[in-house]
Amino acid sequence: MSKDHGRLPRHEKAVNLGLQGGGAHGAFTWGVLDRLFEDGRIWIEAISGTSAGAMNAVVAAHGMYDGGGEGAREALEAFWRKVSHAAVASPLRRPPWARLTGRWSLEQSPVYLWLDLASRIASPYDLNPMAINPLRDLVAETVDFDKVRGCGDMPVFVSATNVETGRVRVFTGEELSVDAVMASACLPSMFQAVEIDGEAYWDGGYMGNPVLFPFIDLGRCDDIVIVQINPVVRPGVPRSAREIHDRIGEITFNSSLLLELRQIDFVRRMVEEHRLDPARYREVRVHMIEARKRMRPLGASSKVNAEWAFLRHLRDIGREAAGRWIERHFDDLGVRSTIDVKEMIAGRTRARPAAE
């Protein structure tokens, strides 16, 4: 039976959360969630998550089932500690010279370079025929999916990409499982496709990072807060093969999000111009929590760095970013969007002024 905690009196605002994927950079999202739950004035109506965002979502729901916001905070910290502990024996670690210079990336790690090269010339079916994935066991041990499915006060939506059709599938309610989460996090260069009900799935980021349309269908709240990990804009033209490959990944994993934002902006303009009936079409308000200046320099290789010091560093960046966002935009919730979607689509993301 769901332990539905309901809206407490201190909750003054409500939002839906969209959590991007990004490997170990998901610890940034952990920090954002930790700060939001700590503040307590903002009620989280629902969460849509992809890859690491999906893991954060189900862990938060698991914790909220028993302990509300504080339970979610405790569950998230426990999960990321276990991720770090599981990585202690991993050969994917920073070399000594990277530690000395304070670099978090693994670009100079011989093991990372070898695995990166191997993934380009051999498939996971060749390199890992037994489909061993320690992260799957960690999620299964940490998350009680009966609690996730029973968390009626915060529905969770997890997206994955159907390999054969190329379409997004959103898992929610009784469909949520460890397999759904691992499908959402299944990078095809690293893992074998995850099969669910006879269908094969890859990472949800290809078709939804994260998906936003379930919030509109749910109809509970008109404010969507996107927790962005992958930068849309990266100044400069990549020159090396690795830089080109990494930038292609960023563009790919942001394309579906930009498409949904474009659709949201189109409906908004049609309503404003009285070309759509406002009684039938809702105006969705969009917000974003990000830390581009601090996250952008980290590089793609740091997404597989699960050192506890790095995860805490990302958590702290996330907490700071969420704290700044709450301070600047709390009063805008329920009133106006705090990013200009048109500017973001054009590659010139900026916050709206607090008063217009």
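**Salt bridges, a buried histidine and helix packing**

Asp 34, Arg 35, Glu 38, Asp 39, Arg 41, Glu 70, Arg 73 and Arg 319 are joined in a network of salt bridges, a salt bridge being a side-chain nitrogen of Lys or Arg within 4 Å of a carboxyl oxygen of Asp or Glu. The structure is a predicted model, in which local features need pLDDT of at least 70 and side-chain atom pairs count only at pLDDT 80 or more, whereas totals for chains, interfaces and linings use all residues. Residues are numbered from 1 along each chain as its sequence is written, and side-chain values use heavy atoms, with hydrogens and water left out.

By the salt-bridge criterion, the count comes to 29. Side chains of opposite charge can pair when their charged atoms come close. Asp 116 is buried, at 15% relative accessibility, while Arg 120 is partly exposed, at 40%. Here buried denotes under 20% relative accessible area, exposed over 50%, and partly exposed the range in between (1.4 Å probe, protein chains only).

A salt bridge also links Asp 146 to Arg 149, with the closest N and O atoms 2.6 Å apart. Both residues belong to helix α7 (residues 145–150), where a spacing of 3 residues separates Asp 146 from Arg 149 by about one helical turn. Asp 146 is exposed, with 54% relative accessibility, and Arg 149 is partly exposed, with 26%. In a further pair, the side chains of Arg 292 and Glu 290 meet at 3.1 Å, N to O. Arg 292 is partly exposed at 30% relative accessibility, as is Glu 290 at 22%.

His 287 is located in strand β8 (residues 285–289). With a relative accessible area of 0%, His 287 is buried. Its side chain makes a polar contact of 2.8 Å with that of Thr 338; a polar contact is a pair of N or O atoms within 3.5 Å, for which, within protein, one atom must be able to donate a hydrogen and the other to accept it, and residues adjacent in sequence count only if both atoms are side-chain atoms. Beyond its neighbours within four places in sequence, His 287 is in contact with residues including Asp 223, Val 225, Trp 325, Asp 332 and Arg 336, contact meaning heavy atoms within 4.5 Å.

Two packed helices are described by the angle between their axes and the distance between the axes. The axes of helix α1 (residues 26–39) and helix α12 (residues 308–329) come within 6 Å and cross at roughly 45 degrees. Axes are lines fitted to C-alpha atoms, for helices over the stretch in contact, and angles run from 0 to 180 degrees between N-to-C directions. Helices α1 and α12 are therefore oblique to each other; angles under 35 degrees count as roughly parallel, over 145 as roughly antiparallel, 65 to 115 as roughly perpendicular and the rest as oblique. Among the residues making this contact are Trp 30, Asp 34 and Arg 35 of α1 and Arg 315 and Arg 319 of α12.

For helix α2 (residues 52–86) and helix α6 (residues 134–142), the axes come within 10 Å and cross at roughly 150 degrees. Helix α2 is thus roughly antiparallel to α6. Met 55, His 62, Phe 79, Lys 82, Val 83 and Ala 86 in α2 meet Leu 135, Leu 138, Val 139 and Thr 142 in α6.

Definitions and conventions: Helix = DSSP H or I, 4+ residues; strand = E, 2+ residues; numbered from the N terminus.
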